[in-house]
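User: Hi! Could you take a close look at one helix pairing in this protein for me and walk me through what you find there?

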Amino acid sequence: MPIHIPINILDFIFKGMLIGVIASAPMGPVGILCVQRTLNKGRWFGFATGLGAAFSDIIYAAFAGYGMAFVMDFITNDQNRFYLQIAGSIMLLCFGWYTYHTDPTRKMHQSGKQQGTLWYNSWTAFLVTFSNPLIIFLFLAMYAQFAFVLPNHPFEMIVGFASIVGGALLWWWGLTWLVDQIRTKFDTNGIKIINKVIGVAVIVGSIIMLLGLTTNLLRFF
């Protein structure tokens with residue numbers, strides 16, 4: 001029998017956009033590349049870099065969703081979903097802690113000043129992001145926490161994945177706008193500050209999620 005899950009589509013879109021932002025925000029190699037290209041080449045080249053990263057992320061997001069679809073009978077059990085949400089929150093907490101304590105500028109390489117085409121900037125960012133398949137585990141953690149994978153709801157899942165892309169693009173648009181506005185004052189310290197702010201936000205969000213889940217703890221014991 002098909003599994004029926006009540007869906008609030010606006011809430012689902014919000015969750016998708018939040019997943020897209022969280023997956024894109026940490027200042028990894030592509031984030032630094034986006035900042036450097038914005039400073040050296042202009043905002044559109046920085047945004048094209050983010051666009052390439054976003055399309056790489058959605059491929060891994062789809063892989064993670066496809067994998068979870070095989071275990072939906074397990075996931076839709078209330079107790080199992082509770083444990084998965086606990087695990088997802090802990091993974092996000094560890095991710096935030098790692099992000100906060102990581103210095104993204106240590107492995108920073110100088111971006112060339114030769115502009116190239118927007119397509120070239122987007123494609124190279126796609127390859128850099130696609131070379132890190134570990135992001136699948138981040139998507140799995142977020143899917144578990146937000147109960148994002150819905151069986152037998154193809155339209156809603158298409159909307160959800162589109163929302164992930166929208167959230168990622170919103171992040172890259174905002175980041176390139178900020179860097180472009182303060183380009184004369186932006187340096188490696190700015191990159192470190194952004195990374196720490198992101199880490200703190202993920203840590204706080206994870207703790208709030210864990211505290212919220214504890215209200216359901218007595219139901220299973």
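This is a predicted model: local features need pLDDT of at least 70, side-chain atom pairs count only at pLDDT 80 or more; totals for chains, interfaces and linings use all residues.

The pairing to look at is helix α1, residues 9-24, with helix α8, residues 154-181. Their axes come within 6 Å and cross at roughly 45°. Angles under 35 degrees count as roughly parallel and those from 65 to 115 as roughly perpendicular, so α1 is oblique to α8. As for its hand, the crossing of α1 and α8 is right-handed.

Now for the residues themselves. On the α1 side, the contact is made by Ile9, Phe12, Ile13, Gly16, Met17, Ile19, Gly20, Val21 and Ser24. They meet a set of α8 residues: Glu156, Met157, Val159, Gly160, Ser163, Ile164, Gly166, Gly167, Ala168, Leu170, Trp171 and Trp172. Sorted by class, the contact of α1 with α8 has 13 nonpolar, seven polar and one charged residues.

Helix α1 has another feature to point out. The side chains of Asp11 and Lys15 meet in a salt bridge, at 3.4 Å from N to O. The structure holds one salt bridge. Asp11 and Lys15 are four residues apart in α1, so about one helical turn separates them. Asp11 has a relative accessibility of 36% and therefore counts as partly exposed, since that category lies between the buried limit of 20% and the exposed limit of 50%.

To place this pairing in the whole protein, there are nine helices and zero strands, and along the sequence the pattern reads α-α-α-α-α-α-α-α-α. Of the 221 residues, 45% are buried. Among contacts with a separation of 6 or more, 89% involve residues 24 or more positions apart.

Ile90 lies in helix α5, residues 78-101, and is partly exposed, with a relative accessible area of 42%.

Note on methods
Residues are numbered from 1 along each chain as its sequence is written. Side-chain values use heavy atoms; hydrogens and water are left out. Axes are lines fitted to C-alpha atoms, for helices over the stretch in contact, and angles run from 0 to 180 degrees between N-to-C directions. Helices (H or I, at least four residues) and strands (E, at least two) are DSSP runs, numbered from the N terminus. Angles under 35 degrees count as roughly parallel, over 145 as roughly antiparallel, 65 to 115 as roughly perpendicular and the rest as oblique. A crossing is left-handed if the near helix is turned anticlockwise from the far one by less than a right angle, and right-handed if clockwise. Contact means heavy atoms within 4.5 Å. Ala, Val, Leu, Ile, Met, Phe, Trp, Tyr, Cys and Pro count as nonpolar, Asp, Glu, Lys and Arg as charged, and the others, Gly among them, as polar. A salt bridge is a side-chain nitrogen of Lys or Arg within 4 Å of a carboxyl oxygen of Asp or Glu. Buried means under 20% relative accessible area, exposed over 50%, partly exposed in between (1.4 Å probe, protein chains only).
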